[in-house]
Structures are given as C-alpha cells and as structure tokens.
Amino acid sequence: GKAEKGVGVMKRIGVFSDLHCGHRAGLTPPCYQWQTDSDDPIRNKFALAQADMWSRFKADLDKVKAEHPIDIAIINGDSIDGKGTKSGGTELITSDRKDQCIIAARCIREIDAETILMTYGTGYHVGNDEDWERDVAEAVDALKIESHGLYEIEGLVLDARHFVSSSIIPHGRFTALARENLWANIWADRYPGSKPDILIRSHVHYYGFCGDAEWMGMTTPALQGMGSKFGSRICSGKVDFGFIIIDINQGDYRWKAYTHPVITGTREVLRLS
C-alpha cells in the first residue's frame, strides 16, 4: 500500500522527455562535433539552434542543481529520433541509431541524477522491432525502463507514460489528461495502491496541466525544438522547449516548468513592400 504521508525528506524529481537526439532540432551537446556549422543557410540555422537549446537546457539545469540536486530523473520517452524514414533521413544529423543513443546518453548524464527511470517512446522513433532506448538505459545505468511507470515517492504515486493524444483546439488539450486519470482510477480499483497523485504524459511537445484537490496531470514540454517537416507542415499549436521539476516534501508537492522559445522555426514574415 501507499506509504504514510508526512514521513521522509524532500525529493527533487526532474521530468525530461522528447529529446529526439539525432534530429537536427533535437537536443544536441557540443561534443563529438554533432553541433556543426555549414555554409548552407538551412544547416547553419539548425546549428545555431542546437547551440541555443543546449545553452538554455544547461543553464536551467545548473540553476536547479544549485538549489538542490536532482534525486530522480524520469526520462519519459523518445530519447532518440530514429531512422527518419518518412522524410528519407533528410532531417537527421546522423541516421545511425547507435550514435543517436550515444548522444542521448550524453544528454542524460548532464542531469547528474542519483536515480534514473525511463519509459519507452513511440516505435517510429525508438524502434518497432528493437527497443533502442534499452541501449540508452544501459549506458546511463537506469534503474528501470518500462512502457508505463508507477513510482511511489515520499507517499505520493507518480504515473508516467510517454504517449497521450493531442487536440487541435486549445481548450480540448486537457480532455486527454482527464481521460487518462479516469482510466488510472479504474485500474486502481483492480490494483490497490496504484491510483496516481501526479499523472505525467509527454509526446505532444507542449506544456499544460489540470486537476483538482485529488490529482494533478501534466503534459511535458519537449527537449526538441521546432524544425521537423511533420510538425511545421501538418501540426497546429505551440511548441514548448524545456523540462519539469517536481519537489515532493512530506506528502506535499510543488512543480515548476522551465520552458523557453527556440530560435529555429520562428514565424518570419516576408515583407514585399
């Protein structure tokens, strides 16, 4: 059953998702020459964006860790981008998924968390036949990687899974979280102790939250910026870059989203007069 609330010390949890390492707009550390300049204006734009995103990611991490170390990092899926078959690999800085796993592991090590927990992302990105994120989990010595994580931390239950459906209308984006919570409560009738206090979903690349006195649900920002062909040509809505910090202390919690705009994909107006 659930541990008694009010016992223990403060735990800091970081939630990081949708790194999409290997994609030109994915999180890219300034090592192994992954951040590359080019005479090509499009490639150079993404190189500048990679440096910008890494700088913001690192600055926020340093600020958070200066206050209190991250005790537990939840890496909530899509840590690599995959083969990029739908766009013929034209959006990738490397199509080698082994290299993508190396990049992802380097990013996750930067978090410097005592405990790392991982969930699997979508098959298109992380493997339909193979689970490439297992390689990432092994490289960072993750405690566990699974499809759906349930974690009891200081008396509170966190429910983490990568996928959640989206909506093309702004006010409809909380319906999916409410539905996930309803299903979680139905499952909890069969498996006592699994009812979530905090529900975490990713995949949609925007930050939002809803709930009441009994629960709180959130969709997490992504660590991939704007710049995918699918996103720019098909999807509607905003993109949030960043991560979430949740502090749990004696049964209570507070959270903060560290989000930023990114320079790639800004809406440029072509002035003809």
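A residue is called buried when its relative accessible area is under 20%, exposed when that area is over 50%, and partly exposed in between (1.4 Å probe, protein chains only). The structure described here is a predicted model, in which local features need pLDDT of at least 70 and side-chain atom pairs count only at pLDDT 80 or more, while totals for chains, interfaces and linings use all residues. Residues are numbered from 1 along each chain as its sequence is written, and side-chain values use heavy atoms, with hydrogens and water left out.

The interior was examined in terms of nonpolar cores, each a set of buried Ala, Val, Leu, Ile, Met, Phe, Trp, Tyr and Cys residues joined through side-chain atoms within 4.5 Å. The largest such core has 38 residues, of which Phe16, Phe57, Ile75, Ile111 and Met118 touch the most other members. At least two residues of this core come from each of α1 (41-67), β2 (72-76), α2 (97-111), β3 (115-119), α4 (133-139) and β10 (241-249), and the greatest contribution, seven residues, is that of α2. Helices (H or I, at least four residues) and strands (E, at least two) are DSSP runs, numbered from the N terminus. A second, separate core comprises 17 residues, including Ile72, Leu117, Ile198 and Ile246. When neighbours within four places in sequence are set aside, Phe57 is in contact (heavy atoms within 4.5 Å) with Phe16, Leu27, Cys107, Glu110, Ile111, Leu223, Phe241 and Phe243.

Side chains of opposite charge can pair when their charged atoms come close. With a salt bridge taken as a side-chain nitrogen of Lys or Arg within 4 Å of a carboxyl oxygen of Asp or Glu, a search of the whole structure finds 13. One of them joins Glu67 to Arg12 (3.5 Å, N to O), linking helix α1 with strand β1 across 55 residues of sequence. Glu67 is exposed, with a relative accessible area of 52%, whereas Arg12 is buried, at 5%. The side chain of Arg12 also meets that of Asp247 in a salt bridge (2.7 Å, N to O); because Arg12 lies in strand β1 and Asp247 in strand β10, this pair ties together parts that are 235 residues apart in sequence. Asp247 counts as buried, with 8% relative accessibility. A further salt bridge, between Arg106 and Glu110 (2.6 Å, N to O), lies within helix α2, where the two residues are four apart and therefore separated by about one helical turn. Arg106 is partly exposed at 24% relative accessible area, while Glu110 is buried at 15%. Through salt bridges that share partners, Arg12, Glu67, Asp247 and Arg254 are joined into one network.

On the surface, Leu182, Trp183, Ile186, Trp187 and Tyr191 form a nonpolar patch with about 590 Å² of accessible area together. Such patches are made of residues with over 30% relative accessible area and no salt bridge, nonpolar side chains (Val, Leu, Ile, Met, Phe, Trp, Tyr) being joined within 5 Å and like charges within 9 Å; accessible areas come from the Shrake-Rupley method with a 1.4 Å probe, and for residues only the protein chains shown count as cover. Leu182 belongs to helix α5 (residues 175-190) and counts as exposed at 53% relative accessibility.

Backbone geometry was also examined. Most residues other than glycine have a negative phi. Asp18, although not a glycine, has a positive phi of about 55 degrees; Asp18 lies in the loop between β1 and α1 and is buried, with a relative accessible area of 0%. His203 likewise has a positive phi, near 75 degrees, and is found in the loop between β7 (198-201) and β8 (208-211), where His203 is partly exposed at 25%.
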